[in-house]
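Biologist: Hi, could you walk me through this structure from the beginning? I have not looked at it before.

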Amino acid sequence: MYRIGIITMSDKGSQGQREDISGATIKEMVANLGQVEQYRVIPDDLEVIKATLVELSDLHNLDLILTTGGTGLSPRDNTPEATLAVIDRNVPGLAEAIRLKVLRRLPRQCCPEPLVEPEVRP
Amino acid sequence: MYRIGIITMSDKGSQGQREDISGATIKEMVANLGQVEQYRVIPDDLEVIKATLVELSDLHNLDLILTTGGTGLSPRDNTPEATLAVIDRNVPGLAEAIRLKVLRRLPRQCCPEPLVEPEVRP
Amino acid sequence: MYRIGIITMSDKGSQGQREDISGATIKEMVANLGQVEQYRVIPDDLEVIKATLVELSDLHNLDLILTTGGTGLSPRDNTPEATLAVIDRNVPGLAEAIRLKVLRRLPRQCCPEPLVEPEVRP
């Protein structure tokens, strides 16, 4: 069984202005994998995210840290940058596999069919 | 409605030796999204591509810049390198989603079935 | 026809303690593409991998070098890092297309269905 941490990035959530549905959902999803020992809702702040990731990894020595939020394109979406700044090793295939699952679930939202279908040359 | 720019990278196209079908196709594809305010056909030159991207972004202040061409493997295919050199933020999932669509359309060309199908261990 | 090299990363294989099934399989898979001129089984050592890649590329001047092994998450899995350290040009779409094929073949192993299926907001 893994020792798990969950971090939700949310300016509103960290101020108690929004219920953290994502974090709660992840908690249910990993219930069979191990024990959620740390659960945090923090603001979308680059330095706070970095510090929290390092704390859960190095101080609490968790096996698995799952994050949710802060992955959009606004200036306050800092999760990927913060994560890349503190990890020892990047495994592109993992993020890729996650995005692939989302693409399959949201095909129209992500990748609208072109209005003109270009002909493929053989 | 977005203010859009289209840049076609093509040595031959920039010298008027080849019709720019890709650029014209993109123009049709985005017709419902906004106004194509800038449309350029430029040579496959790293510095020219960088300068044109910066000009359309910072001087013309466009919302969306779409590029076509220069993504192959020849020494004159400089579009990805030029783009990475000038962007503030890279979103790997976007390029990934685009490539995924191409893969689905060209499955045999990109990923030929192995001649020997290795057995998958359970 | 291409001049091809195959490198298998395997601590045990390089000591003759394990048969190199992957390398042999790749050899069969590329039989129609060209001539396998170099075939090596080397330890999972970062510097050895880098040196072997450079040797096959620059000294033997091969057209295509295929590697197998060393892509996991253990400290001795150094193949991606060694490769990135010596290549002139990275083409993320190629590794992506390879991983995509593996995902399609091993959907459950790689991307287990979530225990709770989150509802997608329209």
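This is a predicted model: local features need pLDDT of at least 70, side-chain atom pairs count only at pLDDT 80 or more; totals for chains, interfaces and linings use all residues.

Biologist: Fine. How many helices and strands does chain A have?

Modeller: Chain A has 6 helices and 3 strands, and from the N terminus on its elements follow the order β-α-α-β-α-β-α-α-α.

Biologist: And how much of chain A is buried?

Modeller: Of the 122 residues in chain A, 29% are buried. The accessible surface of chain A comes to about 7,800 Å², and carbon and sulfur atoms account for 53% of that surface.

Biologist: What about contacts along the sequence of chain A?

Modeller: If you take the contacts in chain A between residues at least 6 apart in sequence, 71% of them join residues at least 24 apart.

Biologist: Let's go to chain B. Which residues are buried in H2(B)?

Modeller: Helix H2 of chain B covers residues 21–29, and its buried residues are B:Gly23, B:Thr25 and B:Ile26. Seen down the helix axis, these buried residues fall within an arc of 160°, so they line one face of H2(B).

Biologist: Can you zoom in on B:Gly23, and is it buried or exposed?

Modeller: B:Gly23 is buried, because its relative accessible area is 0%. Apart from neighbours within four places in sequence, B:Gly23 is in contact with B:Ile6, B:Thr8, B:Tyr39 and B:Thr68. As for B:Thr8, it stands 15 residues from B:Gly23 along the chain, and the C-alpha atoms of the two are separated by 6.0 Å.

Biologist: You mentioned B:Tyr39; what sits over its ring?

Modeller: The charged end of B:Lys27 sits over the ring of B:Tyr39, at 4.4 Å from the ring centre. In chain C, C:Lys27 lies over the face of C:Tyr39, 4.4 Å from the centre of that ring.

Biologist: And how many aromatic pairs are there over all chains?

Modeller: There are 0 aromatic pairs in the structure, counted over all chains.

Biologist: Next helix, then. Which residues of H3(B) are buried?

Modeller: In H3(B) the buried residues are B:Ile49, B:Thr52, B:Leu53 and B:Leu56. They are on the same side of H3(B), because they cover an arc of only 100° around the axis. Their cover includes E1, E2, E3 and H4 of chain B, while the face turned away from the buried side carries the exposed residues B:Asp58 and B:Leu59.

Biologist: How far does H3(B) reach from its first C-alpha to its last?

Modeller: H3(B) has 14 residues and reaches 19 Å between those two atoms, close to the 20 Å expected at 1.5 Å a residue.

Biologist: What follows H3(B)?

Modeller: H3(B) is followed by B:Asn61, which has a positive phi near 60°. Most residues other than glycine have a negative phi. B:Asn61 lies in the loop between helix H3 (46–59) and strand E3 (64–68) of chain B, and it counts as exposed because its relative accessible area is 52%.

Biologist: Where is A:Asn61, and what is its phi?

Modeller: A:Asn61 lies in the loop between helix H3 (46–59) and strand E3 (64–68) of chain A, and its phi is near 60°, again a positive value in a residue other than glycine. With 51% relative accessibility, A:Asn61 is exposed.

Biologist: Now B:Asn78: buried or exposed?

Modeller: B:Asn78 is buried, because its relative accessibility is 14% and the cut-off for buried is under 20%. B:Asn78 lies in the loop between E3 and helix H4 (79–86) of chain B.

Biologist: What is B:Asn78 in contact with?

Modeller: Leaving aside neighbours within four places in sequence, B:Asn78 is in contact with B:Asp44, B:Asp45, B:Leu46, B:Ile49, B:Gly70 and C:Arg89.

Technical notes:
Residues are numbered from 1 along each chain as its sequence is written. Chains are lettered from A and ligands numbered from 1 in the order in which they are written. Side-chain values use heavy atoms; hydrogens and water are left out. Rings of Phe, Tyr and Trp (its six-membered ring) pair if their centres lie within 6.5 Å; planes under 30 degrees apart count as stacked, over 60 as edge-to-face and the rest as tilted. A charge sits over a ring if NZ of Lys or CZ of Arg is within 6 Å of the ring centre and within 35 degrees of the ring normal. Helices (H or I, at least four residues) and strands (E, at least two) are DSSP runs, numbered from the N terminus. Buried means under 20% relative accessible area, exposed over 50%, partly exposed in between (1.4 Å probe, protein chains only). Contact means heavy atoms within 4.5 Å. Accessible areas come from the Shrake-Rupley method with a 1.4 Å probe; for residues, only the protein chains shown count as cover. The arc is that of the directions from the helix axis to the C-beta atoms. The expected span of a helix is 1.5 Å times one less than its number of residues.
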